[in-house]
Each structure stands twice: as structure tokens, then as C-alpha cells.
Amino acid sequence: MIKIFKDCKSFSLKLSNIYVFVLIILIISSNFIFSVDNAYSTADSIKPIDSLDINLDYKQTNGIINPFSEINCGPLPNHDVLNAVDLTDEYQDIGISFIRTHDFSGPTDISSIFPDFNADPDLESSYDFTASDQYITSIINAGCNVFYRLGESASADETLCNPPENISKWAEVCKHIAMHYNDGWDNGFFYSITYWEIWNEPDLLGFWNGTAEKYYHLYRKTVETLKAYNSSLKIGGPCTSSLSNADYTTGFLTYISENSLPLDFFSWHQYADSPDQLFVSSSNVRNLLDSYGLTDCENINTEWNINIIFPQRDKDNAKNAAFTTCALTCFQDSGLDYSFRYRGTQDPNWLMRLIGFDLSLFTCKGVYKNPALSYLAHNYLTSDTPIRLKTPVMDASTGITYLAGISEENTDVSIIISNFNADDTMYDLELSNLPWDSSYIEAIYLIDNSHHLEIIEQNTLSSSIYTTTQTLESSSIHFIRLTNSTTIPDEGPNTARIPFILRLRILDPFTKALGILLLILIFG
């Protein structure tokens with residue numbers, strides 16, 4: 001997205017000042033102005049609750065908690081971002097384990113690795129892996145797996161959005177990229193990269209200027225070529241940005257079924273108003289795949305975040321932290337296999353931040369934003385206490401979710417409770433059948449706009465039934481650790497300050513209008 005904007009040097013020439021002014025006035029007059037207290041509210045879809053009873057039993061477990069620790073980009077910064085830092089340490093701290101290679105803005109893209117499409121795809125001299133090797137190796141060195149997106153990053157170069165002139169050759173190039181990283185071809189590596197995604201968002205003109213049928217052909221030729229080379233590879237798509245587009249849901253799956261093509265995973269994207277939308281979409285995709293007999297096909301969301309049109313402060317503040325924690329919780333029961341958040345690394349382009357298009361977890365200097373604290377708390381939960389305690393299905397329909405786990409050694413319990421956009425809510429929590437005969441420590445941490453995963457209450461207790469009554473404010477998270485050991489998790493680091501101009505709600509309708517205009521300009 002940012003790369004596209006940087007390349008759009010004639011942006012102001014594409015739309016006249018009069019057109020922009022008129023469209024902004026139309027947007028404003030069509031209720032795009034939001035009140036200070038209710039800007040971008042999704043409360044109408046929330047089932048209101050006055051209080052919440054959380055009843056947990058230490059002896060009632062329900063499998064293993066899925067960490068959903070996947071992300072787009074990093075740990076290296078994009079090559080065109082100056083003075084940015086390597087986020088390897090930060091990624092390891094928050095538990096990132098799987099990285100999708102989309103929007104590196106050059107490295108890992110087909111056009112960068114195979115720059116002359118007239119060249120022979122069988123010759124080593126036709127390839128340039130210099131930049132790509134650096135980025136892929138950094139992922140491996142961070143202890144993460146690679147999810148390789150075959151295709152192009154967002155770009156204003158329309159030729160990169162066109163279907164390949166020779167799809168068979170393009171598929172051969174993809175095969176040789178896999179050979180380079182998995183079989184050592186062309187002074188390559190043995191990284192055992194399993195997941196290979198074909199293209200990105202072919203339903204958008206900003207990524208694909210061809211028809212759906214042309215994409216089907218690209219998928220068919222590429223999956224057949226890659227499977228003939230190594231049948232153990234997991235190949236998938238269509239990486240659609242819209243589940244309401246039948247061409248890339250039922251149409252694509254019908255084509256797969258009628259032609260008996262492999263589909264190891266179905267990938268899709270969603271930038272949602274609220275976490276319950278992500279839950280519903282994830283469940284619907286699982287049901288759709290099952291209805292086509294694709295019960296073994298993995299359900300993978302390869303881009304998700306809060307609505308991209310929301311103001312920048314709601315990307316960086318505790319609202320998105322609560323959104324993130326609710327999403328990571330409701331994913332547990334949604335039929336989703338992996339969820340690649342967009343994104344980890346930042347391009348600090350000031351206009352993109354003003355519009356609200358900076359979706360990163362960290363600043364380019366490696367400073368945490370509030371949503372990164374959600375991943376840190378979730379990592380504390382899944383790493384230390386991975387055995388899930390039984391709860392009702394968490395669909396986020398009330399705006400509040402909770403998730404709890406215990407350690408394999410029976411030394412620790414973690415409970416995380418998140419309020420995305422419900423009213424301030426009192427909850428009564430009871431955890432029965434604790435196995436400890438001696439005293440234990442209770443530590444309650446808070447994430448909100450004033451607390452960065454900070455301990456707000458710490459006590460020594462001895463009852464085998466743990467109880468607490470707390471008030472969980474809107475856009476906040478409670479993380480509770482009970483332990484009969486001597487250590488508790490560290491508090492979170494300080495988070496990046498949101499600039500004053502991004503906190504001015506009066507600018508919301510104007511920045512939203514500019515964001516919509518830019519999306520229309522790029523993606524039609």
C-alpha cells in the first residue's frame with residue numbers, strides 16, 4: 001500500500017481539487033462525520049451485558065491453545081525504509097513463529113528474483129536472489145517458518161498487476177525459487193519451506209488486471225508444476241480480499257473441484273470493524289470448504305487487522321489491543337488454522353499515518369505499539385500455560401472474550417479477558433479445584449491507554465478456589481497469572497506515543513475521505 005503511494009507521484013493530477021472537495025462534501029453530508037464519543041463505533045452489533053460470570057474448573061480442559069503467532073513482513077525492515085531496525089528480538093519476545101513474505105516491496109517478489117521475463121527459467125544466471133536471500137534467511141534466523149507468497153508486492157507499476165504473459169514459464173520460475181530455498185539450487189539453501197501461496201488479492205485491480213478465469217489458469221498451472229516437483233509442498237490461494245466475491249470463493253472452489261486440483265489451503269483477507277466479524281468469516285470459510293468436500297484443506301487468513309478506514313490512533317491504541325486479544329481468543333473456536341496479521345514492520349510515511357494506513361505492531365525504531373502488548377500477553381499465556389481450560393465458545397458477539405490455560409507442570413494458570421467495545425463491565429471470576437496445597441501468587445496486569453501490561457494488583461493467596469471481582473473498562477485487557485512458583489511474567493515495555501494530530505477526532509471525516517479516495521484510485 002505504502003509503496004503504491006510513494007510511486008503515485010502524480011496523485012494530485014489524477015483527481016482534480018474540485019473533485020476531491022466535492023467528494024469530501026458528499027461524504028460529510030452522507031453521515032461520515034462521527035461524534036467525538038462514538039466515532040467508528042460498532043456498538044450496534046454488540047449484544048449488551050450488564051455483568052459477566054466467568055466460571056472455570058482447573059480439572060476441565062479442552063486441548064491446546066493455538067498461539068496464532070503469524071504475521072506479514074519482518075523481521076527486517078523494508079529495504080526502502082531508512083534508519084529502521086531489525087525486529088528479530090521483538091518478534092521473539094512476542095512469540096512470532098510464522099512470517100508471510102508479502103509487501104517487502106521488492107525482495108521475494110517474482111519480478112525482483114527473475115527480472116528479465118525473456119530469460120531462460122532453467123539457467124541460474126537468469127535469477128538474482130541477493131535481496132531475497134537476505135530477507136528469507138532473516139526469517140529463518142529468527143526461528144520462524146516462511147510462508148512464501150508467490151507474486152508481487154503492492155505497486156503502482158501496472159505491468160506487475162498483469163497476468164504473466166507465459167503462465168507456464170511463470171510456474172517454472174516459481175518451481176526454481178522453491179528449488180533454491182529447499183534443495184540448494186543456485187547456491188541456495190535447505191530451508192524446507194512448505195507453504196506457497198499463489199498471488200495476492202486477484203480480486204483487486206491493484207494486484208490483478210486479469211479475469212478470474214485467468215487466475216484459475218495461473219493457479220492450475222502453478223500448482224501442477226510445484227506438485228510435480230515436490231508433492232509434499234502445501235500450495236494454496238486464492239488470497240481473496242473479499243469473501244463476498246463469488247469468483248474467488250464458490251467460483252474458485254468449483255473450478256478446483258471440477259478439475260480435481262490440489263488445494264492444501266484456502267487463503268483470504270479481512271480488515272474488520274469488530275472481532276466477531278472475523279469469527280463469523282472464519283467459521284463460514286470452514287463450512288464452505290467442508291461443503292465442497294475439502295475437509296483437509298486448511299483455512300488460513302493471510303491478512304487481518306482492524307478496519308483500514310478507522311483512524312490511525314485506533315490502529316495504535318488500546319482499542320486495537322483489545323480488538324487483537326478478542327480476535328486471538330475467538331479464533332480458537334472458529335475453524336481457522338493460521339492467522340497472519342498485517343503487519344509487523346512500519347513505514348513511517350507521515351501521510352500514510354495521517355490517513356490511517358499504518359498497520360504495524362512496532363515503530364520503525366522497534367518501539368511497541370499497544371497491539372504488540374496483546375501478542376506479548378498472549379505469548380505469556382500460550383508459552384507458559386498452553387493447556388486450555390474449558391470455556392463456552394468465544395465468538396466476541398458481546399464485545400468481551402476470555403481465554404484460560406494451565407501449565408503442563410501444574411505450576412501456573414493464565415487468564416486473559418478483553419473488552420473491545422462493550423460498556424465498562426463488572427465480572428466475577430471463579431476458578432475451582434486449584435491443585436496447590438500451599439500459598440500462591442496472584443498478579444493482575446492491565447493493558448489500556450495508560451497501562452502497558454502493568455501489574456495493578458498482586459496478592460498471596462491460599463484458597464483452592466480462586467475468586468476475584470473486577471471492572472473491565474471498554475478498550476482494555478486484564479491478564480491474570482496465578483503461580484505457586486517464585487516468578488511471574490515481566491511487565492510490558494513502554495509503548496509509542498500517539499502524536500497529537502492523530503488524536504484530533506475533528507480530522508476523522510477528512511482523513512477517512514482521503515483514505516477512501518486513495519483506495520479507489522489504487523484498487524478501483
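Strand β13 (residues 412-419) and strand β18 pair in the antiparallel sense over 8 bridges; two strands pair if DSSP finds at least two bridges between them. Helices (H or I, at least four residues) and strands (E, at least two) are DSSP runs, numbered from the N terminus. The model is predicted: local features need pLDDT of at least 70, side-chain atom pairs count only at pLDDT 80 or more, and totals for chains, interfaces and linings use all residues. Residues are numbered from 1 along each chain as its sequence is written, and side-chain values use heavy atoms, with hydrogens and water left out.

**Strand β18 and its partners**

- Y445 has F479 of β18 as its bridge partner.
- Buried means under 20% relative accessible area, exposed over 50%, and partly exposed in between (1.4 Å probe, protein chains only).
- In a regular strand the side chains alternate between the two faces of the sheet.
- One side of β18 has S476, H478, I480 and L482, the other has I477, F479, R481 and T483, and all of these are buried.

**A buried threonine in a helix**

- T329 lies in helix α12 (residues 318-330).
- The relative accessible area of T329 is 0%, so this residue is buried.
- Leaving aside residues up to four places away in sequence, T329 touches M394, T401, Y402 and L403; contact means heavy atoms within 4.5 Å.

**The whole protein**

- The protein contains 15 helices and 18 strands.
- Its radius of gyration is 24 Å, close to the 24 Å that the globule rule gives for 524 residues, so the protein is as compact as a globular protein of that length. The radius is taken over C-alpha atoms, and the rule is 2.2 Å times the number of residues to the power 0.38.
- The C-alpha trace spans about 75 × 55 × 45 Å along its principal axes.
- Of the 524 residues, 58% are buried.
- Among contacts between residues at least 6 apart in sequence, 77% join residues at least 24 apart.
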